[in-house]
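Student: I would like to go through this structure with you. Could we begin with a pair of residues and then turn to the helices?

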Amino acid sequence: MELIAGFAIAAALGLGVGYVIGRSRHLSKIFEPLIASAFAVPLVIFLPIFLLFFGIGPSSKIAFGAAYAFFPIALNTIGGIAQVDRSEEHTSELQSHLNL
């Protein structure tokens with residue numbers, strides 16, 4: 001159950017943060033390197049901090065799992081959103097309005 005909860009939190013936060021950062025070139029230039037460098041750090045070294053803040057119960061497992069899965073989800077979302085061509089975005093907007 002902790003696995004599902006941790007992944008759900010990571011997916012919600014990673015997709016939300018990745019979408020917002022991926023849509024803005026300015027935010028992408030600022031935050032993508034920060035997220036990528038944080039992803040390079042092994043999160044296992046922060047496990048004692050998670051245990052200190054959340055205790056030994058399931059909440060520390062959920063928080064650690066969410067933190068562990070957040071970075072790949074956010075980085076892949078940023079990359080995916082940034083790859084969408086703006087003309088394709090405009091075309092899909094027009095098509096959605098025509099197919100009412």
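Tutor: Phe-64 and Tyr-68 both belong to helix α4, where they are four residues apart, about one turn of the helix. Helices here are DSSP runs of H or I with at least four residues, numbered from the N terminus.

Student: How many aromatic pairs does the structure hold?

Tutor: The structure holds four aromatic pairs. One of them is formed by Phe-64 and Tyr-68, and this pair is tilted, with 5.9 Å centre to centre and 35° between the planes. Rings of Phe, Tyr and Trp (its six-membered ring) pair if their centres lie within 6.5 Å; planes under 30 degrees apart count as stacked, over 60 as edge-to-face and the rest as tilted.

Student: What should I know about the model itself?

Tutor: This is a predicted model, in which local features need pLDDT of at least 70 and side-chain atom pairs count only at pLDDT 80 or more, while totals for chains, interfaces and linings use all residues. Residues are numbered from 1 along each chain as its sequence is written, and side-chain values use heavy atoms, with hydrogens and water left out.

Student: Where is confidence lowest in the protein chain?

Tutor: It is lowest in helix α5 (residues 86-98), at a mean of 77, and highest in α1, at 94. The protein chain averages a pLDDT of 90, and 98% of the residues score at least 70. pLDDT is the predictor's confidence in each residue, from 0 to 100.

Student: At what angle do α3 and α4 pack?

Tutor: Helix α3 (residues 47-54) and helix α4 (residues 58-83) pack at about 135°, and their axes are 9 Å apart. Axes are lines fitted to C-alpha atoms, for helices over the stretch in contact, and angles run from 0 to 180 degrees between N-to-C directions. The two helices α3 and α4 are therefore oblique to each other; angles under 35 degrees count as roughly parallel, over 145 as roughly antiparallel, 65 to 115 as roughly perpendicular and the rest as oblique.

Student: Which residues meet there?

Tutor: Leu-47, Phe-50, Leu-51 and Phe-54 in α3 meet Ser-59, Ser-60, Ala-63, Phe-64 and Ala-67 in α4, where contact means heavy atoms within 4.5 Å.

Student: Now for α1 and α2: how do their axes cross?

Tutor: The axes of helix α1 (residues 2-23) and helix α2 (residues 25-40) cross at roughly 130° and come within 6 Å. That makes α1 oblique to α2. On the α1 side, the contact residues are Val-17, Val-20, Ile-21 and Arg-23, and on the α2 side they are Arg-25, Leu-27, Ser-28, Phe-31 and Ile-35.
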